[in-house]
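Dear colleague,

Please look through the chains first and then read on.

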Amino acid sequence: MIRSGNELTEDLVVEAPACVVGLGAGGSVVLRALARAGLPAVALEEGSDHTPFQFNQREEQMIPELFQERGGRMTDDLAIQVLQGRGVGGSTIHNTNLCKRTPTEILELWARRYGVEGCGPRDMEAAFQTIERDLSVSRIPDDGINPNNDALRRGIAALGWRGGVLSHNRVGCIGSGFCELGCAYDAKRNARKVLIPEALDRGARIFSDVRATRILHDRKQVLGVEGRTAGGRRVTVRTKVVVLAGSAVGSAALAIASELPDPHLQQGEHLRIHPGGVVAGVFDQPIDGWKGIPQSYECTEWLDLDEKSDKRVWITTAFAHPIGTAVVLPGFGAAHMKSMRGYRHLAVLTAMLHDESAGHVWLKDGTRTMLHYEMNEGDRRQMVIGLRACARILLAAGAREVVVPAVPPLTIRREAEIERIDANVVRPHNIPLTAVHPMGTMRMGREPKTSVVRSTGEHHHVRGVFVADGSLFPTSLGGPPQISIYAFAEHLSPHIVAAARG
Amino acid sequence: MNRRGFLRAGLAWAALGATGVAALLRTSGYDRADRRVAYMRALSAWHLAVVDALADRMCAADVDYDAPGAPPRPREVEVAAFVDAFVADSEPPIRRDLLAAIGALEHAFPALAGQVQRFTALSPARQDAVLAAMEGSSIDLVRGAFHGLKSLVMMGYYRDPRTWGVLAYDGPLVNRPAGGWVPLRYKGAS
């Protein structure tokens, strides 16, 4: 049963063996695991439930509907746009379906440096396999590589750099190119399609359009969750197990608002976001980058996940529909419109950082969720490396010119000019930066002094509070996180089930 | 945030606060007879005038509007109505920020370009100078306000299919006539 909070005419109190807060990748896995164990849980999701019929491929309607803060979430200095999903299925509804496992180097680092136990490569193998099977993960076929991604492929090949075709979780994709606005063709094997139906069939109850506002607890044991609808109705779930799965931003904000014991001030800290900057190549031939699978190829030449490496840039494509492009292209007025006329000739790459900068989630006036994040000097250097690499790839692929959307725009026509992309170009607010992968604010680890939850996902200080989303990750992943989130939720689910059984 | 950044932010917030006061005092001289005002849910008459002026500059065409194939004017595609709906449907803190940014554009940001008149009273060239000063400002909040306002107006403009000719964008696939691609039927469809 999925019931919208908007339909409630009075306050509601329900009892359940567990309550899952947030129904993205992690929450959906846990809801299914509980249901499979004969423990039909209740889930609260602040966004709505959508069917593919509602995905009308219109940016101005889908972005406010599917993204937090109507697509306008920013870091508190307004320097970085942070795109996060809301709704049943969370970000899996509008992500670009990239599937990469948590890198072995990262899992080993978490064990070595943060004392994460039982989550090494071998420990995680079964969870990865389960998730990849459920989501029908497969390599994107060669004929699914559109001209924008082909520009990346050709550039990498010309330079002799490392790169390759990505894997995805689509079946029956027709290449409409509107993935980020929800798939109207239901070709995404996402959480809403794959996991939630089974959980519902087994008795799980979902309340959409209900925002969890407080975790009820006595400082040692969780007692329930309280939520509110837009209309002000209160939904109270009485339970002894609460699973936070509302993203690295939402879960941390709820933990802070609920005043969960946090003697070492760890909740909301260590935020990583994979900040990304873009570079556009202008080609003589039409690219029509809005058509076809948006992201199908990657460059890993500048990514080495070894702890001491100084290569921390992952490069892939980043095409946007008209509104997104208009916002990113610098300037305004006639000059801006002239740039927009080149829309179909643009190929766009993004340099996404495996970031070391650590931000935090905080509450303004005790209620409004805010993100503080400033890129450190090391990450700024990496951004310069990344943007230069993107420019080099695009020129090698045959771009007539390359544009870095700085203020003022930086246009590069020859390899020798690439050095003009320097630290000054990437200073705050000078280039549009976007982040779509918040992680790390409720991180796991052995020591309560440096982490929020144990390696089982359970809170160090409050029994029955678990975390099952990207906030678990002690560091950045260096790549798309959806498989990691699904798999960690799958891997930790037995602990949650055991707690719910009591 | 370092100390310098803190001071800058403090000054910017002070300017925004002062703008709020100024906005309360300086709401005369706007076209209250504009019939659209009656349909606005979030924007007042003076907000509407500011958004109109902003959209005219942000989305100014690179050709004469009378030229064949010229893009539509922002008012033709009702950018202000879109902005009003967006602001009205936003949660209260975001609504407050957006209205504050509109107010600051009208009453505070012209000073960045050495202008003493409000934004809507400036010539188009001077309005452009104000926007350029905002975009290039060293104050985070000013640049952030520019970005926010630009995003809102661009969304209002490029949402309209009449603007897509500029881009050679063929729009949502679900609305295109059947051609080379055959959309799959959603399995739940009858």
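Between chain B and chain A the count is four salt bridges, a salt bridge being a side-chain nitrogen of Lys or Arg within 4 Å of a carboxyl oxygen of Asp or Glu. In one such contact the side chains of A:R341 and B:D62 meet, at 2.6 Å from N to O. Please bear in mind that this is a predicted model, in which local features need pLDDT of at least 70 and side-chain atom pairs count only at pLDDT 80 or more, while totals for chains, interfaces and linings use all residues. Residues are numbered from 1 along each chain as its sequence is written, chains are lettered from A and ligands numbered from 1 in the order in which they are written, and side-chain values use heavy atoms, with hydrogens and water left out.

The interface itself brings 55 residues of chain B into contact with 50 residues of chain A, where contact means heavy atoms within 4.5 Å. The two chains bury about 4,600 Å² between them, 64% of it on carbon and sulfur atoms; buried area here is the accessible area (1.4 Å probe) that two parts lose on being put together, summed over both.

Over all chains, the structure holds 41 salt bridges. One of them joins the side chains of A:K100 and A:E298, again at 2.6 Å from N to O. This pair links distant parts of the chain, since A:K100 lies in the loop between β5 (80-82) and α3 (104-114) of chain A and A:E298 in strand β15 (residues 297-299) of chain A, 198 residues apart. The helices (H or I, at least four residues) and strands (E, at least two) are DSSP runs, numbered from the N terminus.

Turning to the sheet in chain A, four strands form an open sheet in the order β2-β12-β11-β10, with mixed pairing, and two strands count as paired if DSSP finds at least two bridges between them. At the edges stand β2 (12-15) and β10 (210-217) of chain A, each with a single partner strand, so one side of each is left without a neighbour in the sheet. Neighbouring strands of this sheet are turned by 20° against each other on average, direction ignored.

Within chain A, strands β11 (residues 222-229) and β12 (residues 234-238) run antiparallel and are joined by five bridges; A:G224 has A:R238 as its bridge partner in β12(A), and A:R228 has A:R234. β11(A) and β12(A) form a hairpin with four residues between them, and A:G232 in the turn has a positive phi of about 95°. By contrast, β2(A) and β12(A) pair in the parallel sense over four bridges, with A:V237 in β12(A) as the bridge partner of A:V14.

In chain B, the axes of helix α5 (residues 124-135) and helix α6 (residues 140-158) come within 7 Å and cross at roughly 120°. Axes are lines fitted to C-alpha atoms, for helices over the stretch in contact, and angles run from 0 to 180 degrees between N-to-C directions. α5(B) and α6(B) are therefore oblique to each other, given that angles under 35 degrees count as roughly parallel, over 145 as roughly antiparallel, 65 to 115 as roughly perpendicular and the rest as oblique. In this contact B:L131, B:M134 and B:E135 of α5(B) meet residues of α6(B) including B:F146 and B:L149.

With kind regards
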